[in-house]
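Hello,

Here is the structure I promised to pass on. Please open it alongside this note; my findings follow below.

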Amino acid sequence: MALVFLSLGSNKGDRLSQIQQAVNFLTADNSITLVASSSFYETEPWGNKKQNWFVNAAIAIRTELQPVELLRVCQSIEAKLGRERDSEQRWGERAIDIDILFYDNLIFKNEILEIPHKHVQNRAFALVPLLEINPDFKHPVLNKTILELHEALECPEDVYLYGTVISENNF
């Protein structure tokens, strides 16, 4: 069974509940077993800054599903939770987003999926939760650990543990 790392995020509606429901739907699938989950983080939007902040988390799962099959399961869950891919803006608001970050040490690319995720090394909102669950995992292309990738971020977006009071004193 493959070890897979997923990033989950929401900035529309009840953000925390959306992520919790997505994890529940994922683990209800008999072909997916939850191995670890991170804390929840309040994160600055990446790409399009003029929108609500996200709540993000990362999970590690074990699965026998092949990468494209897993992608289809993730997209089905996103649709159940109200994600409308056809009408949303790139890097815009979304009820839920489930990204496959790593699938074992697989390097894979086709017209609908790229593993490792092509932006994982640039996104603090993905790396910080991964630091909690497997800081020593090595990116199979860049040959750097999650910790090394995080330390190499040049201009990371803000990431706070969910529930942390954010004020001007934080900046």
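A residue counts as buried when its relative accessible area is under 20%. By that cut-off, α3 is mostly covered, with eight of its ten residues buried. They are Ala124, Phe125, Ala126, Leu127, Val128, Pro129, Leu130 and Ile133. Please keep in mind that this is a predicted model.

Overall fold. The protein chain has four helices and eight strands. Their order along the sequence is β-α-β-β-β-α-β-β-β-α-α-β. The C-alpha atoms fill a box of roughly 45 × 35 × 30 Å along the principal axes. Of the 171 residues, 46% are buried. Take the contacts between residues at least 6 apart in sequence: 69% of these join residues at least 24 apart.

Strands. β5 covers residues 97-103. Seven of its seven residues are buried, so the strand is largely enclosed by the rest of the structure. β5 runs antiparallel to β1 (residues 2-10), and six bridges join the two.

Surface. The accessible surface of the chain comes to about 9000 Å². Carbon and sulfur atoms account for 47% of that. Ile107, Val141 and Leu142 make a nonpolar surface patch of about 270 Å². Leu142 sits in the loop between α3 (124-133) and α4 (146-151). Its relative accessibility is 38%, so Leu142 counts as partly exposed.

Best wishes

Technical notes: Residues numbered from 1 in each chain as written. Predicted model: local features only at pLDDT ≥ 70, side-chain atom pairs only at ≥ 80, totals over all residues. Heavy atoms only, no water. Patch = residues over 30% accessible without salt bridge, like charges linked within 9 Å, V, L, I, M, F, W, Y side chains within 5 Å. Areas by Shrake-Rupley, 256 points an atom, 1.4 Å probe, with all protein chains shown as cover. Salt bridge = Lys/Arg side-chain N within 4 Å of Asp/Glu carboxyl O. Buried < 20%, exposed > 50% of the residue type's maximum accessible area, 1.4 Å probe, protein only. Pairing = 2+ DSSP bridges. Contact = heavy atoms within 4.5 Å.
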